[in-house]
Amino acid sequence: LQKNSMQKPSFLIIGFELYSRSILQYYVGKYCKHLEILDSCENIQTAQIAIKKHQPQLLFLDIEMPYGNAFDLLEQVEEINFEIIFITAFSQYAVQAFNQSAVHYMLKPVDIDELILAVDKAKERIYSKEKINHAQILLENLSFGKSQKQKIALPLIDGFEVVRLKDVLYCEADDNFTCFYFLDGRKSLICRKLKFYEENLRDHGFCRTHRSFLINLEYVKRYIKGKGGTVIMQNDTQLQVSNTRKAGFLKQFEGY
């Protein structure tokens with residue numbers, strides 16, 4: 001069922017605890033009046049039926065449910081053609097996976113300001129022409145573990161670009177932006193600070209060697225000693241290693 005831009009985006013709440021679902025429904029009704037509630041489900045089975053019946057534009061999806069979890073549900077959905085706001089108490093690794101895939105998420109307990117922000121972002125995507133399936137990227141990334149087969153969704157001014165981590169050579173800070181340099185010689189200016197990518201890619205073979213550089217250790221060709229030193233990347237680009245990050249770089253590189 002296609003909704004036009006004059007109608008309220010429709011949503012389902014899917015989660016185990018009745019109290020939590022009721023509280024979330026109350027918050028959404030009070031602070032996000034531009035949404036329309038369709039149903040509330042407590043498990044995978046009822047959620048599958050509701051998704052097929054109502055064809056929602058948005059899911060509020062708790063990670064943990066009886067007899068499975070949110071990812072089990074998504075793998076059983078024929079086509080993920082809706083936005084998802086995950087609700088999670090997961091570890092930092094899972095949050096990294098969410099950030100890489102550019103899906104919306106909220107940590108428990110739900111914060112009102114985070115709820116409003118997540119809903120606004122979801123609504124923007126619902127009404128945009130962007131067709132990237134962020135939830136599918138997340139599912140693929142979780143199946144790949146911490147390998148560089150994972151993908152990352154990079155926010156651009158006019159949408160997103162999806163790339164594989166193994167195609168990223170290094171990243172460079174540019175004020176509030178980050179410039180990604182790729183193996184094929186391309187580069188993209190991304191609307192996020194380098195610190196964001198340092199936090200979300202450090203478990204995937206990336207290392208911050210300088211306040212300006214985040215490198216893919218897979219493509220370090222040579223290291224030249226010095227006060228901090230210099231790394232030479234596969235394309236012969238020379239990048240500085242700061243003195244304060246030298247020990248951390250050498251330790252991570254040795255482990256890698």
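Helices α1 and α5 cross with a right-handed sense in this predicted model. Helix α1 covers residues 18-31. Helix α5 covers residues 112-127. The two axes lie 11 Å apart. The angle between them is about 70°. Angles from 65 to 115 degrees count as roughly perpendicular, so α1 and α5 are roughly perpendicular to each other.

Which residues of α1 and α5 make the contact? From α1 come Leu24, Tyr27, Val28 and Tyr31. From α5 come Ile112, Leu115 and Ile116. Now sort these residues by class. Seven are nonpolar. No polar and no charged residues take part in the contact of α1 with α5.

Next, follow the chain around α5. Strand β7 spans residues 104-107. A loop lies between β7 and α5, and Pro109 sits in that loop. Look at the peptide bond that joins Lys108 and Pro109. That bond is cis, with omega at about -10°.

Helix α4 runs over residues 92-101. Ala102 is placed in the loop between α4 and β7. Its backbone deserves a look. Ala102 is not a glycine, yet its phi is positive, at about 60°.

Now turn to empty space. Rolling a probe the size of a water molecule over the atoms shows where such space is left. The second largest pocket has a volume of about 630 Å³. How many residues line the second largest pocket? The lining has 24 residues. Those nearest the centre of the pocket are Val103, His104, Lys121, Arg125 and Arg192.

Several elements already met return here. Helix α4, strand β7 and helix α5 each supply at least two residues of this pocket's lining. Which element gives the most to the lining of the second largest pocket? That is α5, with six residues.

Helix α5 takes part in both places: it packs with α1, and it supplies six residues to the pocket lining.

Methods:
Residues numbered from 1 in each chain as written. Predicted model: local features only at pLDDT ≥ 70, side-chain atom pairs only at ≥ 80, totals over all residues. Heavy atoms only, no water. 1 Å grid on protein atoms, 1.4 Å probe; cavity = no way out; pocket = protein on both sides within 12 Å on 5 of 7 lines; lining within 4 Å. Points joined across faces, edges and corners; volume = space filled by probe spheres on them. Helix = DSSP H or I, 4+ residues; strand = E, 2+ residues; numbered from the N terminus. Axes fitted to C-alpha atoms, helices over the stretch in contact; angles between N-to-C directions. Parallel < 35°, antiparallel > 145°, perpendicular 65-115°, else oblique. Left-handed = near helix turned anticlockwise from the far one by under 90°. Contact = heavy atoms within 4.5 Å. Nonpolar A, V, L, I, M, F, W, Y, C, P; charged D, E, K, R; others polar.
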